[in-house]
Amino acid sequence: MTKQLVLVHGRSQEHKDSVALKKEWLDAFEAGLAKSGLDLPISESDIRFPYYGQTLFDLSQGADEQAAADVIIRGTSEDAAHMAFIREVLEEVQEHEGITRTMLAEAAGAEVIERGPLEWEWLQGILKALDTHVPGASAASVALATNDVYQYLKNPAIRRQIDDGVRQAVSPGVPTVMVSHSLGTVVAYNLAKAASQSGNWDLPLFVTLGSPLGVQTIRKSIRPIAYPSCVGDWYNAMDERDIVALYPLTPDRFSVEPPIENKTDVDNPTSNRHGISGYLGDQDVAARIHAALIS
């Protein structure tokens, strides 16, 4: 039976033609395949690329990344739950990356540190310290990715619009290799869990790349944690320098049965270690997807 390949993108994909964006993914995938002497094993007509990038971009009213990140971190008095979510994620990033109070004081000022972590300037200090002390880190990307995950999980209208688009890309009953990236891994996992109840998806391989699913705050928001019954094998790949992914999906961080297969030694050459081209261009990642498509 012919298999289908569904690609679920992450953030920062606004103002792009979906056909051109799909080509970017496939070019990276083919570059990864070429490292093993392999070719694209299925027709492009069997590859689906559901596009929802403009939905996410509109959340920030078209601001550039840094300006949008500043607005997100500053917050408003009406969005306490939103700010609590952002705060918890950034403090987890701070701990993981070893950002000390001294580093925070250098970035945000000693008076901010004295006032304590409930100030939005404290969170801004974490981002500034990341930019200063963590090579290749993109603090704006971390803030925006965290915000997009929150909006997807907590805003029913946004979640419905994104879910509907991705769901329509999957043909019920057709064996489908699903490859997801960044926020897309949260979307794909959420939908795979739901499809497991209806029994109409067949995912022999589920791939998560640069996934934030192991971050505690995000993990708490998608409970109950379960291995989707429609998934055969689950393959997770990350660059350990990718601070959006932060953790591998190991039993201590994402306990499911059977356990997820993790690859943590991706050398992602993109500027923030998080770009999709650096993941799909990895020889092992590309070969793993290829093997599932031809089996």
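Is Asp282 buried or exposed, and what is its relative accessible area?

Tutor: Before the answer, a word on what is shown: this is a predicted model, in which local features need pLDDT of at least 70 and side-chain atom pairs count only at pLDDT 80 or more, while totals for chains, interfaces and linings use all residues. Residues are numbered from 1 along each chain as its sequence is written, and side-chain values use heavy atoms, with hydrogens and water left out.

Asp282 is buried, with a relative accessible area of 13%, where buried means under 20% relative accessible area, exposed means over 50%, and partly exposed lies in between, computed with a 1.4 Å probe on protein chains only. Helices (H or I, at least four residues) and strands (E, at least two) are DSSP runs, numbered from the N terminus. Through salt bridges that share partners, Lys263, Asp265, Asp282 and Asp284 are joined into one network.

Strand S6 (residues 261-263) takes part in another such link, between Glu261 in this strand and Arg288 in helix H13 (residues 283-294), 27 residues apart. In that salt bridge the closest N and O atoms of Arg288 and Glu261 are 3.2 Å apart, and Glu261 counts as partly exposed because its relative accessibility is 37%.

The structure holds eleven salt bridges, and one of them joins the side chains of Lys220 and Glu88 at 3.3 Å, N to O. Lys220 lies in helix H11 (residues 216-221) and Glu88 in helix H4, so this pair ties together parts that are 132 residues apart in sequence. Lys220 is partly exposed at 37% relative accessibility, and Glu88 is partly exposed at 34%.

Helix H4 itself covers residues 80-97, and its buried residues include Phe85, Ile86, Val89, Leu90 and Val93. Just after H4, Gly98 takes a positive phi of about 70°.

Definitions and conventions:
The expected span of a helix is 1.5 Å times one less than its number of residues. A salt bridge is a side-chain nitrogen of Lys or Arg within 4 Å of a carboxyl oxygen of Asp or Glu.
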